[in-house]
Amino acid sequence: MPDPNVRPGVELIRYNGARSQDATDKLNRLIDSGPFDVHVARTFPFDRVVDAHRALATHYVGKLALRVI
């Protein structure tokens, strides 16, 4: 893939989300083991996506979610 255009002063950080088969198997076992709760720490309306990204830089427990409607 081509590199994205990045403005001067903005750092581009890449993340390779590829997982090993062992990690995928473990995740599938956890999912199959029964119900679980996903804690959503904060929800942001889509028009505040910039605030949501800023919140990623702070300490929080749980996931952040965008509400598109």
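Asp-51 counts as partly exposed, with a relative accessibility of 29%, where partly exposed covers the range between buried (under 20% relative accessible area) and exposed (over 50%), computed with a 1.4 Å probe on protein chains only. The model is predicted, and local features need pLDDT of at least 70, side-chain atom pairs count only at pLDDT 80 or more, and totals for chains, interfaces and linings use all residues. Residues are numbered from 1 along each chain as its sequence is written, and side-chain values use heavy atoms, with hydrogens and water left out.

## Salt bridges

The structure holds two salt bridges, a salt bridge being a side-chain nitrogen of Lys or Arg within 4 Å of a carboxyl oxygen of Asp or Glu. In one of them Asp-51 pairs with Arg-48, and the closest N and O atoms are 2.9 Å apart; Arg-48 is itself partly exposed, at a relative accessible area of 35%.

Asp-51 also forms a salt bridge with Arg-54, with 3.6 Å between the closest N and O atoms. Arg-54 and Asp-51 both belong to helix H2 (residues 49-55), where they are three residues apart, about one turn of the helix, and Arg-54 counts as exposed, with 57% relative accessibility. Through shared partners, the salt bridges join Arg-48, Asp-51 and Arg-54 into one network.

## Secondary structure and overall dimensions

The protein chain contains two helices and two strands, which follow the pattern α-β-α-β along the sequence; helices (H or I, at least four residues) and strands (E, at least two) are DSSP runs numbered from the N terminus.

The radius of gyration of the protein chain is 17 Å, whereas a compact globule of 69 residues would have a value near 11 Å, with the radius taken over C-alpha atoms and the globule rule being 2.2 Å times the number of residues to the power 0.38. Along the principal axes, the C-alpha atoms fill a box of roughly 45 × 30 × 25 Å.

## Burial, contacts and surface

Of the 69 residues in the protein chain, 4% are buried. Among contacts (heavy atoms within 4.5 Å) with a separation of 6 or more, residues 24 or more positions apart account for 11%.

The protein chain exposes about 6800 Å², of which carbon and sulfur atoms supply 55%; accessible areas come from the Shrake-Rupley method with a 1.4 Å probe, and for residues only the protein chains shown count as cover.
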